[in-house]
Amino acid sequence: MSASRRHSDKLKSAYKFDGNAVKVKTETVGLRPLKTIFVGLLIILQLAIIICLNVWFGMAFEIYLLISVIFSLMTCIYCLSSSKNGLSKAVWVMILLLGASFGFIVYWLSDERIFFYRPKKRYRAIFDRTDKFCPEYRPVNSSVCVQNDCDYLYTAGKFAAYTATQIKYFPSGTQLFDDVLERLKGAEKFVFIEYFIISDGRLLDKIVGILSKKAACGVDVRIIYDDMGSHSVLSRKMKMKIRRAGIKLTAYNRLVPFFNVALNYRDHRKMIVVDGKTAYSGGSNLADEYVNEKRMHGYWKDTGVRIDGEAVDGMSLIFLRQWEYLSGIKEDYTPFFGNYEKFPNSSVVAPYADGLDFEKNVGKNVYENIISGAKERLWIMTPYFIPDEIITGLLKNKAASNVDVRIILPEVPDKAFAYAVTRNNAEKLIGCGVKIYCMKHSFVHSKLILTENCAVIGSINMDLRSFFQQFECAVYTDDAGVMQDIEKDFEDTFGKSETIDEDNGRRSKLRNRALAGVLQIFAPLM
């Protein structure tokens, strides 16, 4: 028996995989990864030409070199006085000083107020036009912490604290998509799908098969995918098949072989809305590995939620605004709202989003508020742990205040560089009283936070990319039943994890400290 087969059997015996999914062998996607390499090389070549031209100008014209150095120093001062987070400032200052003759050009080309000015203006116009679909402010009947969180969400983006909504938690991607497939079969009016990764495979074949029949019956089916996340796994053949079925398909921020800092901004949201009655969100992308049909990094641990009721309108609005931005088509949103059934539930369910379409860093600020409000427990599940100094300080303070702070990370990494920084950052907290766990033989992709007050499930990682450079979405709730289900999932995962103690952390640091220290410089790009 091969080593890979023995490893697979070991995983099956260690974990109860969901039995409803059909396990198949998923083949590679052929030559498509070569496109990624080709595009990357072209972008690097163009960047190298820009740098070389600037260096040549500096050597040929001393006055240009002097002016460049002055501009770079002035840009350093501007950067240090800006509202950027501390780590980003450190990275930019290093770039500006090491590349004095060209660093200031790269900096200003990367400033979102310059290159993202027109998109922001378009988003603002869309938000103003559709503001009437935002519900009025609603005070919530819950704890002070939940009230404060909901007040912030409404102030930051008019994200309402809905009630009259049922919410169900799924501890795996397989359970989530099993439920999605059944719900899609009953779609009657419209289906909205938005994912960072949509990949060829068994799961997509099932979904497209259902949606093709629905589109033929007049159901309005729309799909948004991120071109960076999906370009090497979503084939042209599949795109053509989807469009020929009458399904509307569009990409966010198309990947082109030209140097453009805007390529670093991606649509990382994960959501499905069916008929305005049911919506889904979570960490899972629409690809086979997320339901363990394809084994890439051991067992793939993910989570998700389904909401039924009036909170679905909040998810519909998030999708429709992004769709209008990408399509450029104005339409009446009215038919997509008010289709839900009300449920006798007074718990708060607040879908919210983050991205360059908002003035505030909503995802990061919600996490900070939740961490600050924790008094008894603070449990986090995340694939990447690359926070800024503010969140790091809050976690240390909570652990020092006898709050039960625990973080679950993967044991099997999907990105070696990001994992090295993640482990290094997490292990620094062990001495402060934070408990660090790594789920054995698994890649943890869940984006989950739980306190005694509330829970958040969505697409937002505990890292700088999610906080500052990506479009994200999540669901905030204080529903007691869902929080109990999440607590049980955490407890089960703790039992399947290895605790990283101080001795383990010190050994790891000795091996990886130098590498992690260098990679930490590039953390905003990870």
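This is a predicted model: local features need pLDDT of at least 70, side-chain atom pairs count only at pLDDT 80 or more; totals for chains, interfaces and linings use all residues.
Cavities. A cavity here is a set of points on a 1 Å grid over the protein atoms alone where a 1.4 Å probe fits but cannot get out, and lining residues have an atom within 4 Å of a point. The largest cavity holds about 170 Å³, a volume being the space filled by probe spheres set on the points. I listed its 21 lining residues; Phe159, Gly314, Leu317, Ile318 and Arg321 are the closest to its centre. Helix H13 (312-327) gives the most to this lining, six residues. Helices (H or I, at least four residues) and strands (E, at least two) are DSSP runs.

Sources. I number residues from 1 along each chain as its sequence is written. Local features need pLDDT of at least 70, side-chain atom pairs count only at pLDDT 80 or more, totals for chains, interfaces and linings use all residues, and side-chain values use heavy atoms, without hydrogens and water.

Salt bridges. I searched the whole structure and got 22 salt bridges (a side-chain nitrogen of Lys or Arg within 4 Å of a carboxyl oxygen of Asp or Glu). In one of them, glutamate 324 pairs with arginine 129, with the closest N and O atoms 2.6 Å apart. Glutamate 324 lies in H13 and arginine 129 in helix H7 (residues 117-129), so the pair ties together parts 195 residues apart in sequence. I noted glutamate 324 as buried at 5% relative accessibility and arginine 129 as partly exposed at 32% (buried is under 20%, exposed over 50%, partly exposed in between, 1.4 Å probe, protein chains only).

Terms used. On a 1 Å grid over the protein atoms alone, a cavity is a set of points where a 1.4 Å probe fits but cannot get out, and a pocket is an open set with protein on both sides within 12 Å along at least five of seven lines; lining residues have an atom within 4 Å of a point.
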